[in-house]
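Here is a short briefing on one structure.

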Amino acid sequence: MNSNSNLQRFWLVALRLLIGWHFLYEGLVKVLNPKWTSLGYLMDSQGWFASVFHSMASNAGTLSVINFLNEWGLVLIGLSLILGLLTRLGCIGGILLLLLYYLSHPPFIGSEELFMMPREGSYLWIDRNLIEIAALATLYVFPTSKTFGLDGLLGNLLKNKPTQSH
Amino acid sequence: MSEENKNQQEQPASSGRRSAIKALVSVPALGAMAYGVYKKTQYDRSRRNLGDLFRLEPTTPPSAQEIKPDGRTIRLGIIGYGIRGKQLLRAAGFAEPSLIDTWKEAARLSSKDTRYKDYLEQEGLNVTVTGVCDIFDTYAEAAILSGSNIHREGSDGTFGPQPKRYRYYKDLLAADDVDAVIIAAPDHWHGTMAMDAARAGKHVYLEKPMSWTVPETYMIRDVVKQSGITFQFGHQGRQTDSYLKAKQIVDKDILGAISLIEVCTNRNDPNGAWVYPIHETANPQTIDWRQFEGDDDRVKEYLDYMQSQGLARYVGPEPRDRFSLERFFRWRCWWDYSTGLSGDLLTHEYDAVNQILGVGIPHSATSSGGVYFFKDGRTVPDVLQTSFEFPDRSLTMLYSATLASQRSRGKVFMGHDASMELSSSLIVKADPRSTRYADQIAKGIIKPDTPLITYIPGQENVDAVSSATELYFAQRGLLYAYVNGKRYDTTYLHIREWVECIRNGGTPSCDIDAAFEEAITAHMGTRAYLEGRTMYWDKDKEEIVRG
């Protein structure tokens, strides 16, 4: 192993931690706030899929399911990335959530000024959701959790189990 | 993946402990997160404690009484089925089928449009419409149709029995099958009709303003009080949630001494300036112009005042008996029928302030303004400023209106310790120079630039820690429309309160005394404008006197 690949691994793990932190905290904030709802965000949707998101918000039952999935999805994805546990699943989950955010608030010309929610920063087609999607995809193809994470231990556990029975 | 596996496989068995440490290398991040979340929660709690300091109790609108299912059905009559009459009958549960068609179509086109759904969800008031009166045939026929729309359906719906049409409102008032009337005729008819209704023993819901002339104002109060009927006056703001919260804030003295209140009207379209469309079926055959002219006694009171004060230039300019489509549909533009900005729009603002502060009739009123934008031959001004003095309360209420700019200004209550702004949300901010909060401001516990209290209608909680996003949505009406699933129309609530008081006894929130105060205040503002001098209220003699 040369120092270059050590550096590579360091930054991959760091990236995994940072994104994990971001997801986990976003999730915890929502879980800890009993008043939190995705309603405003969904109603603020613009672009091609806006009507889909609006209809999600219009039904109280669907909305509470979405709220639950989003809150705990964020928490679990965050934990998965930080702990390096089932990390590839976490990456896929994260990419799916971010894709939904991207589609509901697409940074397209014209739709940008329609959003009621204040957004920091200026975006043209590419926004932070998309960049985070790319980062998660990168983590998916360069996994680190077998060495730096619980996936390695999990792998050993699963590998050792059948041998023990012999 | 393959490379990572290879790395792992290459590890000698003896380095198991090292790899276990590596595997757990990121776990401390969770500790840091837990610490961070703990600190953040502590911070929020300290701010929330500040919120507790200014905690408000839950408020319920006066109309929140349960509708008793076995109560007696109230039989309604409506006099005047123009723009407001339609809104009132709709709020009572009888909408025009054509409007339901529009709402249904809108809901089909956009799931966001829940007007039809909301309307269907409004509880029925256990009322029927048995009589309608309008002097324009088209409106009267529309009122008959709406009155029979008992299932709140569109044009293709099934309708109930049709209410009877009366050509003269006195005939409607004489009908045995009418218990109560909604009066939504033009301003110059309000007082006369209300008195006749009260004398006939009918309960009255009267649109604002209460009166057109000053002399009738006293008479209406006497007649209504003597009759013992249930009287509700049409300031539906009495049901507005944020006004009820505002009253609590003032009662708790959170604002300190209030020295100035600014209330405003800002509109910017012909409709808002009373240039209403003229109906294509309107002509001398379909409109009873003689009745439109008004009650002889009222017209005499009006002309007596105008002539005695040298204000003849504000009368007319067209003769009263000459048929005019413009004057019939746009009557608010002429003093001959109207009470101008004071009667139409200041009254709502004043009643809100009177509801919150209980200021009563002002000591004096001074006005200025003019016809500055809609120079279409109208005699009532389209820009008006009136300042009302309340020396007993050590405060001024400034009303400022234009019909040619929509720049929204809200209602602002300026206190020495904090100010309160009422719009679709309610925001209280501490004053940087407050005496009472000086210590807390110095310590940084209270930040004058962040709201001390934020109230978003539709949410029961008043929270000092409303997120910026929540506020953002609320100010654009989004949360208000959807949170808690149900949004009530305040006009519906106001009628509901009236109907429940008729059935079960009790006095509605906007009673005859509130109406009297409103009317006198508006007249003082109007007279100050017309005569160009300050008007005073002699409390003991109950008279408007000149400065």
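How many cavities of 30 Å³ or more does a search of the whole structure find? The search finds four. The model is predicted. The points below cover the largest cavity and an open sheet in chain B.

**Largest cavity**

- The largest cavity holds about 180 Å³ of space.
- Its lining comprises 15 residues. Closest to the centre are B:Trp212, B:Thr213, B:Tyr302, B:Tyr305 and B:His523.
- Three elements of chain B give two or more residues each to this lining: α10 (214–227), α13 (296–308) and α20 (512–531).
- By class, eight lining residues are nonpolar, five are polar and two are charged.
- The cavity lies between domain 1 (74–238) and domain 2 (241–485 + 513–546) of chain B, because both domains give residues to its lining.

**Sheet**

- Ten strands of chain B form an open sheet with mixed pairing. Their order is β14-β13-β12-β11-β7-β10-β9-β8-β15-β16.
- The edge strands are β14 (453–455) and β16 (543–546) of chain B. Each has a single partner strand, so one side of each has no neighbour in the sheet.
- From one strand to the next, the twist averages 15°.
- Strands β9 (residues 383–390) and β10 (residues 395–402) of chain B pair antiparallel over eight bridges. B:Leu384 has B:Ala401 in β10(B) as its bridge partner.

**Helix on the sheet**

- α20(B) packs on the sheet. This helix touches β8 (364–370), β9, β15 (535–538) and β16 of chain B.
- The direction of α20(B) makes about 55° with that of β8(B).
- α20 of chain B also gives two or more residues to the lining of the largest cavity.

Methods. Residues are numbered from 1 along each chain as its sequence is written. Chains are lettered from A and ligands numbered from 1 in the order in which they are written. This is a predicted model: local features need pLDDT of at least 70, side-chain atom pairs count only at pLDDT 80 or more; totals for chains, interfaces and linings use all residues. Side-chain values use heavy atoms; hydrogens and water are left out. On a 1 Å grid over the protein atoms alone, a cavity is a set of points where a 1.4 Å probe fits but cannot get out, and a pocket is an open set with protein on both sides within 12 Å along at least five of seven lines; lining residues have an atom within 4 Å of a point. Grid points are joined across faces, edges and corners, and a volume is the space filled by probe spheres set on the points. Helices (H or I, at least four residues) and strands (E, at least two) are DSSP runs, numbered from the N terminus. Ala, Val, Leu, Ile, Met, Phe, Trp, Tyr, Cys and Pro count as nonpolar, Asp, Glu, Lys and Arg as charged, and the others, Gly among them, as polar. Domain bounds come from an automatic or database domain assignment. Two strands pair if DSSP finds at least two bridges between them. Axes are lines fitted to C-alpha atoms, for helices over the stretch in contact, and angles run from 0 to 180 degrees between N-to-C directions. Contact means heavy atoms within 4.5 Å.
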